[in-house]
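Hi,

Here is the structure I promised to pass on.

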Amino acid sequence: MKLEVLQFELNARKVSVRVKPDATLLDVLREDLDLTGAKRGCGEGECGACTVLIDGMPVDSCIYPALKAAGKNIETIEGLGTEDNLHPVQKAFLDEGAVQCGFCTPGMILTTTALLAKNQSPSEEEVKVALSGNLCRCTGYTKIINAVKVAARNINKL
Amino acid sequence: MYWEKYLKVKTLHEAMEILKLYQGKARLIAGGTDLVLQLREKKKRVSVLVDISDLPELQYIKEEHGQIKIGAMTTHSQLAASPLLWEKVIVLAQAASSVGSPQIRNVGTVGGNIVNAQPAADTVVALMALDAKVVVFNNDGGEEKIPFSELFLGVGESKIDPTSQLLKEISFSLLPEMRSSLGRLARRKALALPILNIGIVLSVNKKENRLHEARICVAPVAPVPMRMKEAEKTLLSRKLSDELLISASKAAFDAADPRNSKLRGNTAYRKELVRVMTYRTLKTALATRGGVGDEAGSITV
């Protein structure tokens with residue numbers, strides 16, 4: 001099978017990788033680039049565990065053809081913060097206990113980051129709409145929504 | 001292998017040339033939020049995908065001479081964020097906001113939603129009620145206009161063949177004192193297929209307290225979205241009143257013939273739903289504003 005060259009910007013670095021023509025962006029991130037933060041949940045664009053940001057917008061990478069991403073700017077959870085220097089949204093999720101099994105967390109955090117970049121003080125309804133494509137099977141969302149509000153407050157204080 | 005080649009084109013011309021070259025073995029892909037799954041499940045087969053989603057000449061929402069024109073690669077997110085649509089064509093803004101989830105809306109396009117021809121596609125229900133037309137480019141260089149009323153042939157089947165044709169633009173006329181609304185019932189607010197979608201577009205004559213024009217599109221009650229012609233006629237027959245809305249809703253109930261469905265409920269329930277939601281959506285639509293020449297606000301019946 002002939003591999004194709006895919007070039008894009010990934011977490012603020014230029015990346016060039018050889019991919020199968022029918023690979024999804026999630027395949028390439030997880031299998032070829034060893035970035036396993038984005039999760040394969042449903043694999044059908046229903047659960048949002050595979051969410052990454054493409055040009056700043058949350059997208060389900062499990063149904064996104066990898067070659068569609070050519071020339072675009074991709075951000076994954078790995079690009080957000082480091083263990084010593086967490087992103088304010090990551091810190092808020094930890095502080096508020098908005099994490100249980102953790103499978104949905106990278107997607108939740110990336111979607112929240114995109115929301116807060118557009119809207120610094122979202123209402124509860126706006127948070128719910130923004131997160132409506134990210135499913136959590138453990139926490140019941142209360143703590144997640146709370147963490148988003150805390151993150152918004154902390155970012156506004158910076 | 002779901003497909004062998006994935007080509008992102010830089011111009012419309014290039015896309016049409018590739019379709020011609022591959023003679024049916026290549027097809028266009030927009031956001032791919034439905035198509036990728038259909039190819040994976042082998043519901044559709046293709047060798048070459050030609051990605052037109054980034055072409056700027058296919059992404060716009062504009063008003064020209066009383067018409068709204070929309071480029072086919074405009075995403076649902078872009079439609080849902082359009083102040084022009086929220087001001088003048090609420091039904092379409094609501095429909096675009098109802099598609100899938102934010103992740104799906106950021107990628108999926110209105111053109112894709114149309115060509116994919118699912119029986120209750122949100123934007124399609126709105127566009128049928130808006131009496132929209134599409135402009136389609138053929139790979140022989142020709143161009144044709146197709147009204148929405150002729151566009152759909154069956155479940156998942158539209159007149160547009162993405163192996164040889166490109167949907168370029170969707171357009172519709174704004175009506176005087178236009179009122180519109182989308183009624184949507186689903187199991188949850190996000191990521192749930194509609195149990196019922198109703199798109200309503202009205203043009204009111206406030207002086208005489210009547211309607212100039214009334215269009216009701218309901219789906220899914222048939223393989224393709226359905227205009228409720230009898231209900232529309234009823235609405236034009238006399239002055240606006242609560243009784244008139246009730247008669248029109250009854251006419252929609254009579255015309256709807258949905259099948260028993262494990263997902264959506266049985267025939268009796270779904271018919272009753274058509275009646276109740278037609279009435280409610282008519283009420284909501286009448287309380288909105290929009291279209292052209294609308295200064296005096298909403299009317300109540």
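Predicted model: local features only at pLDDT ≥ 70, side-chain atom pairs only at ≥ 80, totals over all residues.

Residues are numbered from 1 along each chain as its sequence is written, chains are lettered from A and ligands numbered from 1 in the order in which they are written, and side-chain values use heavy atoms, with hydrogens and water left out.

Chain B splits into domain 1 (5-51), domain 2 (56-173) and domain 3 (178-286); these bounds come from an automatic or database domain assignment. Between the C-alpha centres of domains 1 and 2 of chain B there are 18 Å. In contact (heavy atoms within 4.5 Å) are 16 residues of domain 1 and 19 residues of domain 2.

About 1400 Å² is buried between these two domains, 64% of it from carbon and sulfur atoms. Buried area here is the accessible area (1.4 Å probe) that two parts lose on being put together, summed over both. B:Leu12, B:Met16 and B:Thr33 supply 38% of what domain 1 buries against domain 2, more than any other three residues.

What about salt bridges across this interface? The rule (a side-chain nitrogen of Lys or Arg within 4 Å of a carboxyl oxygen of Asp or Glu) finds zero between domain 1 and domain 2 of chain B.

Best wishes
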